[in-house]
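Visitor: I have a structure to look at. Could you walk me through it?

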Amino acid sequence: KIDVSEQPDAKGLIDDAVAQLTEGDKYMKQGDEASEKKEWDKASAGYNMAWQYYVKAATAGLNAKRILTGQ
């Protein structure tokens, strides 16, 4: 088992990934709400922002994995 507390860089990246996912979820919800109202421009903007945050989260997560596995 890997102890993340021994790898502060990885822990920081994991914390960043969680924060990015939270922001992505916020924008996804905004996109869903706008879509329900048929406000397509707002929905598209919300989904686009969500996608950007999810990509940032994935990148941080993959970088943390590389640190933890030594790859």
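**Helix packing and a ring pair**

Visitor: Which residues are buried in α1?

Guide: This is a predicted model. Buried here means under 20% relative accessible area. In α1, the buried residues are Ala10, Ala17, Gln20, Gly24, Tyr27, Gly31 and Ala34.

Visitor: What do the buried residues of α1 pack against?

Guide: Look for a partner helix. The buried residues of α1 have one: they pack against α2 (40-69).

Visitor: How far apart are the end C-alpha atoms of helix α1?

Guide: Helix α1 covers residues 8-36, which is 29 residues. At 1.5 Å a residue, it should span 42 Å. The model agrees, with the end C-alpha atoms apart by 42 Å.

Visitor: Is Gln20 buried or exposed, and what is its relative accessible area?

Guide: Gln20 sits in helix α1. Leaving aside neighbours within four places in sequence, Gln20 is in contact with Tyr53, Lys56 and Ala57. Buried requires a value under 20%. Gln20 is buried, because its relative accessible area is 14%.

Visitor: Which residues form the aromatic pair, and how is it arranged?

Guide: A search of the whole structure finds one aromatic pair. Tyr27 and Tyr53 form it, 5.6 Å centre to centre, with 10° between the planes. Planes under 30 degrees apart count as stacked. So the pair of Tyr27 and Tyr53 is stacked.

Visitor: How many residues apart in sequence are the parts that this pair ties together?

Guide: Both Tyr27 and Tyr53 are buried. Tyr27 lies in helix α1 and Tyr53 in helix α2, so the pair ties together parts whose separation in sequence is 26 residues.

Visitor: Which residue lies over the face of Tyr53?

Guide: Go to the ring centre of Tyr53. At 5.2 Å from that centre, over the face, lies Lys56.

Technical notes:
Residues numbered from 1 in each chain as written. Predicted model: local features only at pLDDT ≥ 70, side-chain atom pairs only at ≥ 80, totals over all residues. Heavy atoms only, no water. Helix = DSSP H or I, 4+ residues; strand = E, 2+ residues; numbered from the N terminus. Expected span 1.5 Å × (residues − 1). Buried < 20%, exposed > 50% of the residue type's maximum accessible area, 1.4 Å probe, protein only. Contact = heavy atoms within 4.5 Å. Phe/Tyr/Trp six-rings, centres within 6.5 Å; stacked < 30°, edge-to-face > 60°. Lys NZ or Arg CZ within 6 Å of the ring centre and 35° of its normal.
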